[in-house]
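The following exercises concern a protein structure and are each followed by a worked solution. Please study the sequence and the model before reading on.

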Amino acid sequence: MSELSAEKLGLHNVGQVYHNLNYDDLFNHEVANKEGQVLSNDTMTVDTGKFTGRSPKDKFFVQQEPSNSHIAWGNVNKPVSVAVFDELYADVIDYLSGKDIYVTDGFSGDGTTRKSVRFITEFAWQSHFVKNMFIRPNETELASFAPNFRVYNASNFTNEKWQKHGLNSEVFCIFNVEKNVAIIGGTWYGGEMKKGIFTMMNYWLPLDGILSMHCSANVGKSGDVALFFGLSGTGKTTLSTDAHRKLIGDDEHGWDDKGVFNFEGGCYAKCIGLAEENEPEIFGAIRRDALLENVVYDENGVPDYNDSSKTENTRVSYPIQHIENHEPNLRAGMPQNVIFLTCDAFGILPPVSKLSKEQAMYYFLSGYTAKVAGTERGVTEPQATFSSCFGEAFLPLQPTVYATLLGKKLEQHGVHAYLVNTGWTGGGYGVGKRMSIKGTRACVNAILDGSINHCEFETMPYFNLSIPTTLDGVETSLLNPRNAWEDKASFDENAQKLAGMFVTNFKKYTSENHDFDFTKAGPQI
């Protein structure tokens with residue numbers, strides 16, 4: 001229990017305050033409160049109800065100066081008035097006051113831009129989640145901990161006045177930049193807290209000239225650093241978790257004048273289809289102190305990672321120490337290689353291609369992957385998804401701000417850039433087959449050890465990508481995707497179709513800012 005007063009927490013009054021509980025105490029509270037189920041592997045699993053993912057349409061920023069002039073207002077960053085925020089903030093404070101609450105303190109980032117964040121939650125498992133995900137202060141740091149930012153998570157509170165407030169639904173996740181506070185209501189999904197702080201880091205750091213990135217990162221024995229950009233399901237966590245390289249982090253990083261640093265102290269991996277033979281490090285990380293979300297289990301508490309009946313987005317959070325080969329400083333030097341991951345369900349993009357700086361800027365701003373038919377109701381064929389900088393949902397500033405910083409760093413440090421397709425080959429979804437993890441790892445290994453630079457390259461039609469003609473560990477017939485298709489005419493037709501999607505999507509950058517006219521580096525039709 002804690003001596004934190006209600007006044008210090010910003011509440012009217014409190015019951016018991018459980019402040020920075022250790023893992024065993026959190027586990028005992030979860031059991032006593034019946035918040036989840038203990039599984040056969042000695043982990044806790046919780047059910048987040050109907051919200052098994054983020055609610056991007058329910059995310060808002062308070063519209064006020066000076067943040068008003070920096071935020072890129074639109075579909076991603078929607079405004080809410082000071083008056084609406086103040087009313088909902090008062091409602092959240094009223095809701096949490098008088099209750100037993102869990103308070104967890106953590107850090108995000110490193111160095112002079114590191115942020116101290118205090119999470120105030122109603123449930124032990126939410127405290128457990130943020131303890132896993134953020135950098136855990138030591139005892140000395142906790143003794144003098146002063147939060148730069150506070151998150152009030154009132155997940156059980158719903159906003160009945162949402163229509164009057166002009167919001168999307170009874171759910172809300174609202175950021176007040178000037179007051180350094182966020183309020184969450186109506187959703188139990190833990191990822192709202194994680195991505196909420198990531199969103200704020202994406203606001204703060206670029207204004208200080210530091211590139212914030214939605215990527216994973218690892219470092220080799222010689223100190224060579226690699227970044228892996230990609231949207232959910234493209235392999236960021238899987239490919240950066242490598243027994244031969246130290247993991248810096250699996251999702252969120254900054255790039256400053258010293259190199260790359262992790263924002264977080266844990267990992268948040270997808271569990272669907274998880275198998276020990278394919279992803280032994282992640283599988284092994286699911287042990288005591290890990291926290292599973294929405295995973296199906298049998299009567300003996302044995303998890304079934306192949307069961308998607310609750311959601312395709314089953315997850316596990318765990319402290320990064322659960323990955324044996326991690327970088328304890330959560331920081332390393334300058335990157336040598338940047339890898340853009342895409343899951344191309346159309347089967348058009350090559351398994352690996354080398355990018356020029358201009359192509360790197362183009363594919364970074366495009367942020368392409370594809371939804372697979374059958375994963376969503378009504379989706380009968382692959383659907384292209386373009387997410388600026390591979391993380392548009394978390395970018396408060398204009399995407400070109402992040403692209404400008406990336407371009408400068410690629411040039412300044414002579415960084416190599418590559419595009420790796422973890423999706424389909426020999427045909428689109430339902431016709432071709434998905435690239436094996438083994439094959440994709442062979443592509444990544446060739447990048448990391450530099451052997452890809454000694455290959456002969458040819459130029460792929462439509463996309464003008466440089467692709468190796470041979471590569472150890474990858475079937476030669478797969479390297480040029482056209483060769484892998486039996487129906488060459490069908491490939492050409494689908495390649496032009498996908499190229500057209502890229503061209504259409506990129507027009508939003510050329511119309512807004514001629515400095516970002518990298519269209520010649522992209523697909524041509």
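P66 is placed in the loop between β4 (59-62) and β5 (78-80); strands (E, at least two residues) and helices (H or I, at least four) are DSSP runs, numbered from the N terminus. The model is predicted: local features need pLDDT of at least 70, side-chain atom pairs count only at pLDDT 80 or more, and totals for chains, interfaces and linings use all residues. Residues are numbered from 1 along each chain as its sequence is written, and side-chain values use heavy atoms, with hydrogens and water left out.

**Exercise 1.** State the geometry of the peptide bond from E65 to P66.

*Solution.* This bond is cis, with omega near 5°.

**Exercise 2.** Determine the strand order of the open sheet of five strands and identify the strands at its edges.

*Solution.* Step one: the order is β2-β3-β17-β20-β16, with mixed pairing (two strands pair if DSSP finds at least two bridges between them). Step two: β2 (37-38) and β16 (266-270) each have a single partner strand, so they stand at the edges and one side of each lacks a neighbour in the sheet. Step three: β17 (residues 291-293) and β20 (residues 315-319) run antiparallel and are joined by three bridges. E293 has R315 in β20 as its bridge partner.

**Exercise 3.** Decide whether D42 and C389 are buried or exposed, or in between.

*Solution.* Buried means under 20% relative accessible area, exposed over 50%, and partly exposed in between (1.4 Å probe, protein chains only). D42, in the loop between β2 and β3, has 33% and is partly exposed. C389, in the loop between β25 (383-386) and α11 (399-413), has 4% and is buried.
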